[in-house]
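Trainee: I'd like a close look at one part of this model. Please pick a spot and walk me through it slowly.

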Amino acid sequence: MLEVRDLVAGYGGVPVLRGVSLDVTAGEVVAVLGANGVGKTTLNRCLSGLIRPGAGSIRFEGVELVGQDAADIVAAGLIHVPEGRRIFPNMSVLENLELGSYRRARPRRAANLARVFSIFPRLAERKRQFAGTLSGGEQQMLAIGRGLMAEPRLLIMDEPSLGLSPLLVEEMFTLIARIAAEGLAVMLVEQNVVQSLDLAGRAYVLENGAVAMSGPAEALRRDPTLMTTYLGL
Amino acid sequence: MLPLDIFLSAMANGLMMGAVYALVALGLTLVYGVLHIINFAHGATLTAAMYAVYVAHAMLGVDPYLALPGLAAIFFALGYLVQRWVIGPASHGDDSNILLVTLGLSIIMENALLAGFRSDTRSIDVPYGFSVVEVGNLFLSTPKLVAFAGSFVVAALLWLLLARTDTGRAIRAVAKEKTGAALVGVRVEHIYAVTFGLGAACLAVAACLLMPTFLVNPRIGNAFVLVAFTIVVLGGMGSIPGALIGGLFVGVVESLSGLYLGESLGQIGIFLIFILVLLARPTGLFGARA
Ligand SMILES: Nc1ncnc2c1ncn2[C@@H]1O[C@H](COP(=O)(O)OP(=O)(O)OP(=O)(O)O)[C@@H](O)[C@H]1O
Ligand SMILES: [Mg+2]
């Protein structure tokens with residue numbers, strides 16, 4: 001479904017990714033792990049067309065994404081729930097969700113809205129509230145809900161548990177598991193290594209701008225070198 | 001006339017003028033709210049629109065009101081193109097560059113108009129230019145009433161667009177969260193251009209509503225935009241209701257201070273109130289708290 005090959009990217013000549021290759025196949029949950037600043041968010045930005053990689057290729061369902069703009073990538077069904085949520089603070093919860101289907105799945109907006117509200121009843125209770133006044137956890141739910149409104153074929157989530165209390169982190173992982181159980185392919189970027197590996201089928205660990213380890217989540221969880229690599233020691 | 005009638009008639013005139021001010025301010029505040037820049041070419045664009053009405057009438061014999069839909073569409077398209085292919089690319093994503101580009105545009109436009117029409121003041125003659133409607137003891141100018149109603153209709157349409165359509169939602173989304181908007185598939189450059197086009201279209205409408213009672217010269221737009229700018233700041237930068245209510249308010253203040261202080265001091269009232277409001281509420285009447 002997603003094939004990333006030798007991806008090189010950076011900011012103003014400073015390289016961050018120096019040749020990343022990874023795959024996500026239909027229906028699987030893939031975790032991408034790595035120390036702070038290793039370039040996980042940069043990778044996601046390349047995938048969703050927010051920045052242009054210096055070299056390499058990104059194929060999504062057989063189509064090259066490098067060079068396409070963000071709107072076309074959304075239209076293709078690669079949906080990115082970004083780090084920091086990026087919801088529209090000046091608009092209601094309902095309007096945020098409606099905009100989720102701006103480019104894709106527009107004819108099924110009402111049905112998808114009902115579905116998102118059934119997954120996140122909290123959002124239904126607060127649909128008239130301005131998104132900027134939601135709690136951090138609610139904002140994260142909104143960001144994911146907005147992503148689901150586009151009927152993603154692949155959902156990329158960048159640190160969905162960031163800033164949440166342990167209880168909410170638990171809840172968030174349960175929800176992601178539930179979404180994934182419906183057959184949606186998910187690429188999960190996380191700091192919560194243990195929980196991510198519990199959820200994912202496979203995982204990649206980035207270090208120094210490239211994939212340092214990869215394999216079944218089960219195996220990585222038991223690998224003693226994971227923590228040292230992950231912590232960048 | 002009783003003094004009360006004089007007062008009421010000044011009020012009515014102020015409201016009617018204020019509605020057109022509001023329209024000019026609406027375009028300014030919309031562009032500010034979304035692109036976060038003061039569009040320095042706003043005044044020159046209004047002037048250009050007024051000349052367009054003049055030319056349509058003087059050379060083609062088209063009535064300003066009939067020209068309105070067409071001119072609004074043309075100015076929307078021009079605004080769209082200029083933002084998409086001149087201002088946008090020239091700004092390199094830097095807000096202060098956009099500011100300078102619009103300043104440059106306004107200088108070019110003003111001088112082009114000056115070269116084309118010289119500095120003469122021109123006006124058009126329409127059969128209904130001096131017709132009045134009698135309301136109680138008041139005689140209200142028909143074209144000014146039309147301007148009043150027309151401004152409200154356009155403001156209402158604009159509000160509907162922003163509140164009820166996906167394009168409007170995208171405009172509001174881009175105003176506060178560009179990255180989030182891009183990630184739901186909004187083409188940010190397109191939305192910028194649409195916003196700019198809407199600002200220009202507001203000016204075309206204002207020009208059509210103004211010309212039956214107003215004159216045009218190459219600098220006329222600036223007088224309006226100075227007032228519109230005070231309205232935008234007064235109403236709260238980027239606020240649509242602020243622009244509307246601020247516009248009406250400023251129109252009335254100008255008219256009443258003209259009545260009591262004399263015609264030449266009419267605008268002093270505006271700036272006095274402007275200073276007083278900003279002392280009390282630095283973000284304007286409808287502005288978001290910082
Ligand atoms: N817009 C930017 N301009 C310049 N450098 C940037 C920019 N964004 C990120 N970087 C740099 O690129 C590197 C990778 O950042 P990135 O956000 O991809 O890391 P990350 O793996 O997502 O980290 P975290 O786990 O903290 O979210 C960092 O060194 C960061 O400082
Ligand atoms: Mg990150």
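Mentor: One word first: a residue is buried under 20% relative accessible area, exposed over 50% and partly exposed in between, using a 1.4 Å probe and the protein chains only. What you see is a predicted model, in which local features need pLDDT of at least 70 and side-chain atom pairs need 80 or more, while totals for chains, interfaces and linings use all residues. Residues are numbered from 1 along each chain as written, chains are lettered from A and ligands numbered from 1 in written order, and side-chain values use heavy atoms, leaving out hydrogens and water.

Let's start at the magnesium ion, ligand 2, in chain A. Which protein atoms reach it? The donors (N, O and S atoms within 2.8 Å, or 3.2 Å for Na, K and Ca; water isn't among the atoms, so a site may look incomplete) are A:T41 through OG1 and A:E83 through OE. They lie 1.9 to 2.5 Å from the magnesium ion.

Now find those two on the chain. A:T41 is part of helix α1, residues 40-47 of chain A. (Helices, H or I with at least four residues, and strands, E with at least two, are DSSP runs numbered from the N terminus.) A:E83 belongs to the loop between β6 (78-81) and α3. Parts that are 42 residues apart in sequence are therefore tied together by this pair. How covered is each of the two? A:T41 has a relative accessible area of 15%, so it's buried. A:E83 comes out at 31%, which means partly exposed.

Stay in helix α1 for a moment, because A:N44 is there too, and A:N44 is buried with a relative accessible area of 0%. What does A:N44 touch? Skip residues up to four places away in sequence, and A:N44 is in contact (heavy atoms within 4.5 Å) with A:H80, A:I156, A:D158, A:M187 and A:V189.

Follow the chain to A:E159, in the loop between β7 and α7 (166-181) of chain A. A:E159 isn't a glycine, yet its phi is positive, about 50°. With a relative accessible area of 5%, A:E159 is buried.

There's another residue like that to look at, A:E151. A:E151 isn't a glycine either, and its phi is also positive at about 50°. You'll find A:E151 in the loop between α6 and β7 (154-158) of chain A. Is A:E151 buried or partly exposed? Its relative accessible area is 23%, so A:E151 counts as partly exposed.

Last, look back at the loop between β6 and α3: that's where A:E83 sits, and A:E83 is one of the magnesium ion's protein donors.
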